[in-house]
Amino acid sequence: MIRQLTILAVSLLMMVSCGGTSDNGKTKLVFKHGKIAGQSEYLTRLVEQFEAEYPGIDVIEEVLPSITDQQRQFYITSLEGGSSDFDVMSLDVIWIPEFAQAGWLEDLSGKFTEEEVSRFFPGPLKADTYNGKLYAVPWYVDGGMLYYRKDLLKRYNLSPPETFDELVSCVRTVLKGENNDKLAGFLWQGKQYEGLVCAALEFIEGNCAHVLDENGNPVIDSENAIEAMRFMRHLIETGIAPEYVTTTDEEATRHSFGNGNAIFMRNWPYAYNIFNAEGSKIKGKVGVKIMPHFEGCESASTLGGWQLGINKHSEHKKAAWQFINFMSRYESQKYLALNIGLKPSRQDLYNDEDIAREQPFITELYDVLMHAVPRPVSPYYSRISLVLQSKFSAILSGTKTAETALKEARREIEQILPESS
Ligand code: GLC
């Protein structure tokens, strides 16, 4: 009897530690997501609303670092090992083809009707589809944009820049007038990681250049791409961007700009609400617009954003889908938009009256997000990105010329891509 009890106790323990059932008999669903900047407690409240609606499910939120590269590292290691320790994952828009090809994601095709699917933005939907199957549901959308200090531009009678040349001239005027050592001109994410690729692509695409052409062949060493990257380095050499921009990620630039220490910054939309929150040093002083472009080309905003997917090895796929369905539905996205400022992946929320009234900035973003430029949608993207990260970083730090680095990048990307692509 005692032995039987022990066996029972051990097996119960195992069930709990395998992400099975909680000791209260409920299904224990583990939801992994990256750290959300701003008032993330509202996400937890939404999770609690789910639990109230589904009393048989307990959700355990497990938070990963905010940097996308670190999150990917975690997933790669766990999923390669066949881990079933987590059920629902928040996934960067660039990972889906790679994770789907590796067999790590549950196929979600057919879970939504076609009509329901068409309500989401087409860019993320395309990125979430691999070989005609849907592997994740768009959760919230990102697009790179230019933040500027309205008060500083006004002080010198300047209008927000349309082109990169205009931005340079605005920075020169303001820096000269302010004569403040702490004030930087233009910040972007310049450290060697995914964020650098996103920022640099806005310069490259904004100069009519691309990583791959329409047939999928690398063209990253085109004259225009070289010119764009040379220009980024030139901004550092001439003090328009500070030297430290080669070490910054989203949060580092957000903190500098938020402390009043920069005139311009490239970042994702998440920073806007934080800058305008009570107690912010720059509340009411921040303007936002689409990124500048080079003469004769158009502005480009890199498409970013996060998706919800199910771990193929999850033991709770039904509950996992109920959770994703709940988290991605209209009311949930509205709640996250109103309270944290996350940008909805459902297009009709950009016509929602409450959002238009309380978060007009979100409504205004529709066009930027609709036309945001995706990074190459390919199972090889992560490897392509690693090449770009190292070459772009070498250019910004001045260890390689743009021409040399981008020629190397093209050759290395050619090696990564299979013959037929
Ligand atoms: C943001 C974007 C994501 C991108 C990352 C780069 O989180 O949503 O798509 O890869 O920034 O740092």
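Tutor: A polar contact is a pair of N or O atoms within 3.5 Å; within protein, one must be able to donate a hydrogen and the other to accept it, and residues adjacent in sequence count only if both atoms are side-chain atoms. The model is predicted, with pLDDT of at least 70 needed for local features and 80 or more for side-chain atom pairs, while totals for chains, interfaces and linings use all residues. Residues are numbered from 1 along each chain as its sequence is written, and side-chain values use heavy atoms, without hydrogens or water.

Student: How far is the Trp-306 side chain from the ligand oxygen?

Tutor: An N or O atom of that side chain is 3.1 Å from a ligand oxygen. For Gly-305, a backbone N or O atom lies 2.9 Å from a ligand oxygen. Arg-375 has a polar side-chain atom 2.9 Å from one.

Student: Which residues around the ligand come nearest?

Tutor: Of 15 (each with a heavy atom within 4 Å), they are Asp-92, Asp-142, Glu-250, Gly-305 and Arg-375.

Student: Why does the ligand lie between the domains?

Tutor: Domain 1 (3–142 + 304–373) and domain 2 (145–302 + 377–420) both give residues to its shell, so the ligand lies between them.

Technical notes:
Domain bounds come from an automatic or database domain assignment.
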